[in-house]
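Here are some exercises to work through with the model open beside you. Try each task before you read its solution.

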Amino acid sequence: MPGNSRLLANRLCLWSACAAAVAIFGCSSAGPSNDEGNGGIDGKAGASTQVAGNGAGGQAGGSLATTGGSSTGGTGGIGGTLSNGGVTSVGGSTSMGGTGAVGGLGGSNSMAGASGGGSTSTGPCDIYATANTPCVAAHSTTRALYGAYNGALYQLRRASDMATKDVPVLVAGGFVDISVQDTFCGGTTCTISVIYDQSPNKNDLVKSGVATWLPNGGVEANAASGKITLSGHTAHGIYVTQNSNVAYRNNATKAVAKGDQPEAMYMVLDGKRYSSVCCFDYGNAETSGKDDGNGTMEAVYWGTDTTWGGTGQGSGPWIAADLENGMFKGDKGGWQSQAINTPSAKSVIASYATAMLKGPSGNHFTLKAGDAESTSLVTMWDGVRPSPGYSPKKLQGAIILGTGGDGSNGGTGTFFEGAMTSGNPPDSVDALIQANIVAAGYGH
């Protein structure tokens, strides 16, 4: 995404206000920026007393507390810097409260947390496997996505001598051993040359080859950028800035959905980094590096685009489905769709966000998102696909990260982990995946 017919227009978006005015619900507005969150996901009821989080820019995000009942998190939110609220539930165990994205979540987390040795008992891909929807790709620079995975997460390339080095996990199922990177890259700089697929399919990601918007191919991400902690463990993400040409791709994958086959995917990312220009994506794309028409890709998108998908609630950022020639928040979108509004597409205000796309066979798709420090997902869309040409799907099975299917390089974001499945898991599994992400301790 997007297509050749709008190449010049997409470039102009970099220098002009592409997005239409966004409706703000119950709050004053301040303009969005690439690195600041806007809006908020409707809060979900908690099982115990909890103070809900404040929305961004000083606007209260529903600071309601009740005793023994539910609490309501941030529903509106405006532009400005993020404010994190309510991090402890009363009468239950510690819970990440509302940050303007998902508020009022009490009770304990059912997934196993990290031990001092950096190991978790179960990974997201173990959960998917129990539902007979196994991971066909599992990429992460922060942790193992299988409880038994004991290999490398990514490969470094050192600038001083172009030597390479694999960065492993500390223990099977655990977090990245960042000491390997610190030692290898000491006194020089490194890039991330391979993001290893932890699944048996070995669908590794390397810098993109030539694509329509990447005539010289992609470049590798700086390994020192996107610094984060997870349960006290330092890690780094894949740091993409619009027009940086940081892009990863695999056009010769194994077992990834093709045609109208069912699949699902998720990614965890920095909730404060995004852009309004296409496309910060992760998922299924064309093998050609070109726009091959409606329905030839299915990737989850993150940002504040309105030109290709209209607006959602608030000012964004939103998630959307990049199905080619549109970043769809629902069943409508496409080029110059600024006037379209999808109210169910809530703004995602969080320091770290989960974005999920489910693509069953047939005329249906689902979008879910949430705060990666919280314990629930919000359904942004659960309905028919856009038309014409989007059902049945015409997937080709390449995997992309950081750009659109044709290499569109205007996106901004930081990717920490993501996986793709064979088959469409039930909603109960989605909830378990999110709980596992929360248990990993992003930002802590």
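A disulfide here is a pair of cysteine sulfur atoms within 2.5 Å. The model is predicted, so local features need pLDDT of at least 70 and side-chain atom pairs count only at pLDDT 80 or more, while totals for chains, interfaces and linings use all residues. Residues are numbered from 1 along each chain as its sequence is written, and side-chain values use heavy atoms, with hydrogens and water left out.

**Exercise 1. Disulfides**

Task: Find out how many disulfides the structure holds, and describe them.

Solution: 
- Step 1. The count is 3 disulfides.
- Step 2. One joins C185 to C190, with an S to S distance of 2.1 Å. The angle about this S-S bond is -110°, a left-handed link.
- Step 3. Buried means under 20% relative accessible area, exposed over 50% and partly exposed in between, using a 1.4 Å probe and protein chains only. C185 counts as buried because its relative accessibility is 12%, and C190 is buried at 5%.
- Step 4. Another disulfide joins C125 to C135, S to S 2.2 Å. The link of C125 and C135 is left-handed too, with -95° about the S-S bond. This pair connects distant parts of the chain, 10 residues apart: C125 is in helix α2 (residues 124–130) and C135 in strand β3 (residues 135–140). Helices (H or I, at least four residues) and strands (E, at least two) are DSSP runs, numbered from the N terminus.
- Step 5. Both ends can be checked for burial: C125 has 1% relative accessibility and counts as buried, and C135 has 5% and counts as buried.
- Step 6. A disulfide also joins C278 to C279, S to S 1.3 Å. C278 and C279 are both buried.

**Exercise 2. The nonpolar core**

Task: Which residues have the most contacts inside the largest nonpolar core?

Solution: 
- Step 1. Start with the term: a nonpolar core is a set of buried Ala, Val, Leu, Ile, Met, Phe, Trp, Tyr and Cys residues joined through side-chain atoms within 4.5 Å.
- Step 2. The largest one has 79 residues, and I238, Y248, Y266, M267, W302 and Y442 have the most contacts inside it.
- Step 3. Look around M267, taking contact as heavy atoms within 4.5 Å. Leaving aside neighbours within four places in sequence, M267 touches residues including F280, Y282, V300 and W302.

**Exercise 3. Helix α4**

Task: Check the span of helix α4 (residues 427–440) and decide why it counts as largely enclosed.

Solution: 
- Step 1. The expected span is 1.5 Å times one less than the number of residues. For the 14 residues of α4 that gives 20 Å, and the end C-alpha atoms are 20 Å apart, so the two agree.
- Step 2. Because 10 of its 14 residues are buried, α4 is largely enclosed by the rest of the structure.
- Step 3. Among the buried residues of α4 are V429, D430, I433 and Q434.
- Step 4. Their cover includes α2, β9 (227–230), β13 (263–270), β18 (352–359), β19 and β22 (413–421).
- Step 5. After α4 comes G441, whose phi is positive, near 80°.
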